[in-house]
Amino acid sequence: MARFCPAYPTPRRHKASGLLMFLSARHSWLDALYERSYRMQMGEVRLPGLDLYMVNEPGLVRRVMVEQAEDFPKSELLGQALEPLLGESIFTTSGEQWRRQRAMMDPAFAQARLQVAFPVMAAATEAMLARLAQLAEGTEHDIEVEMTHVTADIIFRTIFSVPMEGADARRVFDAFARYQALVPRLILPSIFGLRWLVWPWDAWRARRAAREIRGLLETLIRPRFEARRTGAEHPQADILAAFLDARDEQGRAFGFEELVDQVAMLFLAGHETSASALCRGQVFSDSPIRGGL
């Protein structure tokens, strides 16, 4: 029986040179891959800055991510690029710190179960359809922007129990988009041994976007954090409420900065990939939205 291989963008047939790989990866890592990248069980890519290993076989993925996770810590390079926004979240930490955070966060993911999250998804979808309904007949509209918006709205509602509306929410949305676009520019030169190509302007813009995002998240988290410290309960059973209730084995709760770190991580980790999948789905499906494309 042939090994399952999901659909993927048509890649180049042969491995690119280092220079072509660098130029391609500045746009998307997918553009740097070639045909065999999607079918090999494990492969190695030697670059001037470091060696990369691509693992596709499920058993090997489990070995790296679960069975021998201690032997495969998070990348310091990725951590340095994401630290201004994510701080010490489970996306950047390893070892005992990661285990403590993950154990505390596990109960919160019950709020992402389908029966809990589906009404949130439906409400965000209705809001998206209402926005689209306001467009004049024949108006051109970028569906990627809309899929990015609805994804961010779902994440916002799941974490905070409020829709992503208003000026502050839009600023979070825009700042995340800027940050996601800048991170590859900060990482790629170092991967190719060209750290000097990291423009100070890009690094400054990324830090500014991170400060803006964290500042806006803090305004949403701070009132509920302080209220929880006084014993007040939040009426909504959302992810933030679960984070506020979480305790480690010593009975310690998340500190305020830790909460901001984890919320920022959830937003960043689930945003772009989900939005891209939705956008691709609209192109190839018979959804109501596609009927207007």
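Modeller: H8 bends by about 35 degrees at Ile-221, with a proline, Pro-223, following within four residues. The bend is the angle between axes fitted to the seven residues ending there and the seven starting there. Helices here are DSSP runs (H or I, at least four residues), numbered from the N terminus. This is a predicted model: local features need pLDDT of at least 70, side-chain atom pairs count only at pLDDT 80 or more, and totals for chains, interfaces and linings use all residues. Residues are numbered from 1 along each chain as its sequence is written, and side-chain values use heavy atoms, leaving out hydrogens and water.

Colleague: Is Asp-202 buried or exposed?

Modeller: Asp-202, which lies in H8, counts as buried because its relative accessibility is 9%; the cut-off is under 20% relative accessible area (1.4 Å probe, protein chains only).

Colleague: And what is Asp-202 in contact with, leaving aside neighbours within four places in sequence?

Modeller: Leu-182, Arg-185 and Leu-186, where contact means heavy atoms within 4.5 Å.

Colleague: Switching to rings: how many aromatic pairs are there?

Modeller: The structure holds 6, counting Phe, Tyr and Trp (its six-membered ring) with centres within 6.5 Å; planes under 30 degrees apart count as stacked, over 60 as edge-to-face and the rest as tilted. Phe-176 and Phe-267 are stacked, because their centres are 4.4 Å apart and their planes at 15 degrees.

Colleague: Where do those two sit in the chain?

Modeller: Phe-176 is in helix H7 and Phe-267 in helix H10, 91 residues apart. Both Phe-176 and Phe-267 are buried.

Conventions
Buried means under 20% relative accessible area, exposed over 50%, partly exposed in between (1.4 Å probe, protein chains only).
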